Amino acid sequence: MTQAPSRPTRTAAPLVLDKLGPRFGAEVIGLDLRHLTDEQVHAVRQALVEQKVLFFRGQDLTDADQVEFGRRLGDVTVGHPVVGQRDTVELPEIFDLDSADPEFSFSDVWHTDVTFMERPPLGSILRAVQLPTYGGDTSWVDAEQAYESLSAPVRGMVDQLTAVHDGMREWGAYLRRHGNRGNTWDGEQVTELVPVEHPVVRVHPETGRKGLFVNPGFTSHVVGVSDAESRAILDLLYAHLLKPEFTVRHRWQLGDVGIWDNRSTLHYANRDYDEIRIMRRITLAGDVPVGPAGPRHA
């Protein structure tokens, strides 16, 4: 049976969405991100929380345009806590993901951006600059839908857990090679990557919905259980998170811009290409993740 094509849906105004599924992911039709009214900016911000991942085709943004768009959605951070600015990029807010760069770190592992910091980004805005002829897609997971579909006993267990997120595994060697001098993140220069604890289940600060907040890229272990128990718990959650029904996949075209809510998603960039792929990312400042039990510190 052939599936009927999706129909664009008009929101409460002024956005038209071509939704990728009933609850997760949408392409926003007909917007020029360089010329948005305040009402449209508010609608994009609202749609980001509701749909978790948004795509905009046919944009003609410069680095400065991308940063300005981010500033209209929230506070833009420096490009990365550790990675220095490349010569090809003038703005410190831009994180240049160039597969030809010897320092390039491939994102071919499921992860949520920068969860190894106390205040991970609220969201990320990614722009396609140069694409291979084939490959280089990115996929996202809806961590809230995954949590909600767990059995009640498992939800009850993970609601009580915290986990350690450790940036040293991915970025420790880079930081050492650059004299332990990272960038200024959340008001302080990064000179070391101290592992941080976050709740395994995060309560979204805008919706109150719960979602799984662990990822294979940066989560090292669950706190307060044995190594064997930690591995079993994380393996269970990862196997559940990565089910196809919680996943959307985007095939990039030049001029595409993607935005995702870092508080409720994981993502994965396919490394299935043999040509140069250049993407440029900015991130929006976030807050300290809070679990079902509330803030860990009064």
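Guide: Let's start at Glu68, which sits in helix H2. Please keep in mind that this is a predicted model.

Helix H2 covers residues 63–73, and its axis comes within 9 Å of the axis of helix H1, residues 38–51, with a crossing angle of roughly 80°. H1 is therefore roughly perpendicular to H2, since angles of 65 to 115 degrees are counted that way. Which residues make the contact? From H1 come Asp38, Val41, Val44 and Arg45, and on the H2 side they meet Phe69, Arg72 and Leu73. Sorted by class, this contact of H1 with H2 has four nonpolar and three charged residues, with no polar ones.

Let's step off the end of H2. Gly74 lies in the loop between H2 and strand E5, residues 95–98. Gly74 is partly exposed, because its relative accessible area of 24% falls between 20% and 50%. Between the C-alpha atoms of Gly74 and Glu197 there are 25 Å, and along the chain these two are 123 residues apart.

Strand E5 also leads us to another helix. In helix H5, residues 168–177, the buried residues are Trp171, Gly172, Tyr174 and Leu175. E5 is among the elements that cover these buried residues of H5. After H5 comes Gly179, with a positive phi near 65°.

Back to H1, this time to what follows that helix. Lys52 is found in the loop between H1 and strand E4. What is the phi of Lys52? Its value is near 75°, which is positive even though Lys52 is not a glycine. As a general point, most residues other than glycine have a negative phi. Lys52 is also buried, because its relative accessibility of 1% is under the 20% limit. Another non-glycine residue with a positive phi is Asp186, at about 55°. Asp186 belongs to the loop between strand E9, residues 184–185, and strand E10, residues 188–189.

Strand E4 brings us to the aromatic rings. The structure holds eight aromatic pairs. One of them is edge-to-face: Phe55 with Trp252, at 6.5 Å centre to centre and with 85° between the planes. This pair joins distant parts of the chain, as Phe55 is in E4, residues 53–56, while Trp252 is in the loop between strand E15 (247–250) and strand E16 (257–261), 197 residues apart. Both Phe55 and Trp252 are buried. Together with Trp140 and Trp260, Phe55 and Trp252 form one aromatic cluster.

Arg202 lies over the face of Phe213, 4.9 Å from the ring centre.

Terms used: Residues numbered from 1 in each chain as written. Predicted model: local features only at pLDDT ≥ 70, side-chain atom pairs only at ≥ 80, totals over all residues. Heavy atoms only, no water. Axes fitted to C-alpha atoms, helices over the stretch in contact; angles between N-to-C directions. Helix = DSSP H or I, 4+ residues; strand = E, 2+ residues; numbered from the N terminus. Parallel < 35°, antiparallel > 145°, perpendicular 65-115°, else oblique. Contact = heavy atoms within 4.5 Å. Nonpolar A, V, L, I, M, F, W, Y, C, P; charged D, E, K, R; others polar. Phe/Tyr/Trp six-rings, centres within 6.5 Å; stacked < 30°, edge-to-face > 60°. Buried < 20%, exposed > 50% of the residue type's maximum accessible area, 1.4 Å probe, protein only. Lys NZ or Arg CZ within 6 Å of the ring centre and 35° of its normal.
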